[in-house]
Amino acid sequence: MSLASWLGAVNTAIEAEDGKALRELLRFDSNAALSVQQLVQRGAGIPTADVHRQVGDIWGDTIVSLLQAMLLSSKGERLAACKEFRERHGRGMLDALKEEAWTVPAVMGMAVTLKQLSEQADEEQARKGAAANQVANLAMFLQQLFSSTAAAKGPGTESKRQAAVGIGCLMMKVYFQCNTINNCKNVITTIDGVLKNLDNAPAAHRVTFRYYTGRLAAYDEDYEKADEHLTYAFQHCHRDALGNKRKVLRYLIPVRMLRGVLPSDALLESYQMREYRDIKDAVQSGDVALLLKCLEVNQVAFVQAGTYLLLEKLLLAAYRRLFRKVALVHAEANPAKAAQVPLAALHAALSMQGLDKDNAELQCILANLIYRKYIKGYIAFKPRVLVLAKTDAFPDLSGVQLGDPFTL
């Protein structure tokens, strides 16, 4: 398709107010991109006058800026292409959205493309050792776009507000990427306020919204809420979207393990989550050393995924399991003093795993376990024993206090 034919198709979509067709035509990998590459090869520029003549003055500048961004990208100037796309094309699409609700699909497509360009620009800048801040600038642009859709009134209100969910999902993805996670709370509050439920939103937006809401809840140590939202996201993912299901499981599995629910081997095998198998076995058997080894070996991957701190919290569950085993052995050997477990026995269990803890370290671990309700009892310092409650000394993990006591 020649550039003239492409411009004709764009004009047809605008006149027909066909937002979906316009979205496809304005893609960065559309036929226009090939035409722009041919212009670059000939050393020519964007035919601004031709663009205005075919699509009209109202859309002329917006389309010219898109073609200009394509031209810059073809030359390998990623940063310049990103800025051109955001400041001229993006602003033009934002202005169009304020006037015409039918442009919602095209604006959504523009936002996704801008995210890709922003990431490419930052990668380019990082390679040069320069400041990489285009994704951060993207977040500010999306905030304006989000405000325009979420607070929409008048004709097309419903479609604009539904679009706010998709834009909000993109914003949360960017916030996690920029490590400004708390900004997600404003997005969630706005969407919950504007849309009392998400039933009318596209399934993809519902799943994405629940996914990031669950991740935020896990970050805030509200694991019951995290479990609820991540479970929804996993159950409502498209059955063929195995990659997305794996992304959800990457957080859902640690959250559920913290709540005492271990994943099956079949689940881990089905979704190729083998990195969690040893962690599951360590928690189940009370093998603290194995858990520490898993965290060390996979530290980079877990940190990049944002799951390291979640998995690190499983250490207390592993300690609980180990100490429960010691308590059972002690009770069989000394039934008269079953509730008084010598600290020396706990020391010995840790030493067998190659973990040498001094008295202060062991007492600190026990104090933490008792405070967080992994164990019911107290430390008797003079006789150096752990005095356990006579009933339910090792409560179910669903009742433990997982949050940071200093932030409650």
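Which residues in α15 meet Leu-290, Leu-291 and Cys-294 in α16? Select Asp-278, Ile-279, Ala-282 and Val-283 in α15 and you have them, with contact meaning heavy atoms within 4.5 Å. By class, this contact divides into six nonpolar residues, no polar ones and one charged. Here Ala, Val, Leu, Ile, Met, Phe, Trp, Tyr, Cys and Pro count as nonpolar, Asp, Glu, Lys and Arg as charged, and the others, Gly among them, as polar.

Some ground rules before moving on. You're looking at a predicted model, where local features need pLDDT of at least 70 and side-chain atom pairs count only at pLDDT 80 or more, while totals for chains, interfaces and linings use all residues. Residues are numbered from 1 along each chain as its sequence is written, and side-chain values use heavy atoms, with hydrogens and water left out.

**Stop 1**

Helices (H or I, at least four residues) and strands (E, at least two) are DSSP runs, numbered from the N terminus. For reference, axes are lines fitted to C-alpha atoms, for helices over the stretch in contact, and angles run from 0 to 180 degrees between N-to-C directions. Angles under 35 degrees count as roughly parallel, over 145 as roughly antiparallel, 65 to 115 as roughly perpendicular and the rest as oblique. The crossing of α15 past α16 is left-handed; that's the label if the near helix is turned anticlockwise from the far one by less than a right angle, and right-handed is the label if clockwise.

**Stop 2: α6 and α7**

Next, bring up α6 (residues 78–99) and α7 (residues 104–128). Their axes are 9 Å apart and the packing angle is about 160°, so α6 and α7 are roughly antiparallel to each other. α6 passes α7 in a left-handed crossing. The α6 side of the contact includes Phe-85, Gly-90 and Met-93, and the α7 side includes Ala-106, Val-107 and Met-110. By class, the contact of α6 with α7 has twelve nonpolar, six polar and three charged residues.

Zoom in on Ala-106, in α7. Is Ala-106 buried or exposed? At 3% relative accessibility, Ala-106 counts as buried, where buried means under 20% relative accessible area, exposed over 50% and partly exposed in between (1.4 Å probe, protein chains only). Leave aside its neighbours within four places in sequence, and Ala-106 is in contact with Gly-19, Leu-22, Arg-23 and Met-93. Draw a distance from its C-alpha to that of Gly-90, 16 residues apart along the chain, and you get 11 Å.

**Stop 3: α7 and α8**

What is the handedness of the crossing where α7 passes α8? It's right-handed. Among the residues meeting here are Leu-114 and Ser-118 in α7 and Leu-138 and Phe-141 in α8. The residues of the contact of α7 with α8 divide into ten nonpolar, two polar and three charged.

**Stop 4: aromatic pairs**

How many aromatic pairs does a search of the whole structure find? Eight. Rings of Phe, Tyr and Trp (its six-membered ring) pair if their centres lie within 6.5 Å; planes under 30 degrees apart count as stacked, over 60 as edge-to-face and the rest as tilted.

Start with Phe-28 and Phe-85: ring centres 5.8 Å apart, planes at 75°, so the pair is edge-to-face. Phe-28 lies in the loop between α2 (19–25) and α3 (31–42) and Phe-85 in α6, so the pair ties together parts 57 residues apart in sequence. Both Phe-28 and Phe-85 are buried.

Then jump to Phe-234 and Tyr-271, an edge-to-face pair at 5.7 Å centre to centre with 70° between the planes. Phe-234 sits in helix α12 (residues 223–236) and Tyr-271 in the loop between α14 (265–270) and α15, 37 residues apart. Phe-234 counts as buried at 16% relative accessibility, and Tyr-271 counts as buried at 15%. For a group of rings, select Phe-176, Tyr-211, Tyr-212 and Tyr-251, which form one aromatic cluster.

**Stop 5: positive phi**

Finally, pick out Gln-272, in the loop between α14 and α15. Phi of Gln-272 is near 55°, a positive value in a residue other than glycine. Lys-373 has a positive phi too, about 70°, although it is not a glycine. You'll find Lys-373 in the loop between α21 (359–371) and β2 (377–380), and at 46% relative accessibility Lys-373 counts as partly exposed.
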